[in-house]
Amino acid sequence: MQEFMLLQILIGFSVLATAIPKPEDEHKSRVINKEPSNEEHYVNSQHNPAYDHEAFLGEEAKTFDQLTPEESTRRLGIIVDKIDKDKDGYVTGEELKDWILYTQQRYIRDDVEHQWKSHNPEQKEKLPWTEYLAMVYGDMDEHELENHEKSKDNSFSYVALLKKDRRRWAAADLDGDDALTKEEFLAFLHAEETDHMKDIVVIETMEDIDKDEDGKVSLSEYIGDMYDGAEGEEEPEWVKNEKEQFSMYRDKDGDGFLNFEEVKTWIMPTDFDHAEAESRHLIFEADTDADQKLTKDEILEKYDIFVGSQATDFGEALARHDEF
């Protein structure tokens, strides 16, 4: 039973990782500042429409690619009506930005609701740490977990996982009573969404990347987090670009390493609004009369940009509310 519970921890409920390194031919960024899509917007300097599909329709991409073009277009029209809040027949940049932000937040809201019900079945006002500990780690207490050595197949031990959970819990617990309200539980699950938790995300990121545990991130650790090519293999172009990014922009003091503040600036940039940039991009692509706003016809005409081939679950989400 203990082993099964621990397997669940490792596979199903770790709230810790800010990112999981992708296979060596893929590039997954650790930047978490509300990027509206998990896809790369440009691949080998070519525009990637999958980014726009996810940004417009949300992270839970599942259904639109399974629909007929006619049904997909019909659903897109319903979505456009929802985006046009003032019902003036136009989708403005601000309305489109608000929609993109809404799709980002929908997953978080749904996840918190699901996890809260799962870990707090009695729906009490607060979830105590002791109950969370028993629910997630079974009948193993914190001292027992410390006796586990690092798993041969995993880069972290059970005790490291518990310590990270404990640290997150303490940071999310604003009133210090060792029990989380639903709002505090959101901060625990999605630390990147809450200002007072962002230092925790930076600490966790550095712990993931800083393999020699010297408290800073070297160039080799920075690249190694994203790319693990075979010896003698020619590096992809994006790896070369990342090395330049490290030297020219990430390592601001030029000492060859990223310190805490430099890592924070890297993964949580404050000088760029991804949702606004995506809104402007979509308007640029679909605004045939160049009036800086979109009609429903303009959006439907550029169907492929918004919903074309990328699976999304928004049609499914609306269907659950009997809106189709």
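**Exercise 1. Find which residues Val 263 touches, leaving out residues up to four places away in sequence.**

Step 1: Set the cut-off. A contact means heavy atoms within 4.5 Å.
Step 2: Look around the side chain. Val 263 touches Val 202, Thr 205, Met 206, Val 217 and Leu 258.

Before you go on: this is a predicted model, where local features need pLDDT of at least 70, side-chain atom pairs count only at pLDDT 80 or more, and totals for chains, interfaces and linings use all residues. Residues are numbered from 1 along each chain as its sequence is written, and side-chain values use heavy atoms, with hydrogens and water left out.

**Exercise 2. Describe the largest nonpolar core.**

Step 1: A nonpolar core is a set of buried Ala, Val, Leu, Ile, Met, Phe, Trp, Tyr and Cys residues joined through side-chain atoms within 4.5 Å. Buried means under 20% relative accessible area, exposed over 50%, and partly exposed in between (1.4 Å probe, protein chains only).
Step 2: Size it up. The largest core has 38 residues, and Phe 188, Tyr 222, Val 263 and Trp 266 have the most contacts inside it.
Step 3: Trace it back to helices (DSSP runs of H or I, at least four residues, numbered from the N terminus). Among the helices that each supply at least two core residues are H4 (93-119), H5 (129-137), H8 (182-189) and H12 (260-267). H5 gives the largest share, with 5 residues.
Step 4: Check for another one. A second, separate core has 18 residues, including Val 91, Ile 100, Ile 299 and Phe 306.

**Exercise 3. Classify the ring pairs Trp 99 with Tyr 102 and Phe 185 with Phe 188.**

Step 1: Rings of Phe, Tyr and Trp (its six-membered ring) pair if their centres lie within 6.5 Å; planes under 30 degrees apart are stacked, over 60 edge-to-face, and the rest tilted. The whole structure has 11 such pairs.
Step 2: Trp 99 and Tyr 102 sit 5.3 Å centre to centre with 35° between planes, a tilted pair. They are 3 residues apart in H4, about one helical turn. Trp 99 is buried at 8%, while Tyr 102 is partly exposed at 35%.
Step 3: Phe 185 and Phe 188 have centres 6.0 Å apart and planes at 25°, so they're stacked. Phe 185 is buried at 0%, and Phe 188 is buried at 0% too.
Step 4: Zoom out. Ring pairs link Trp 116, Trp 129, Tyr 132, Trp 169, Phe 185 and Phe 188 into a cluster.
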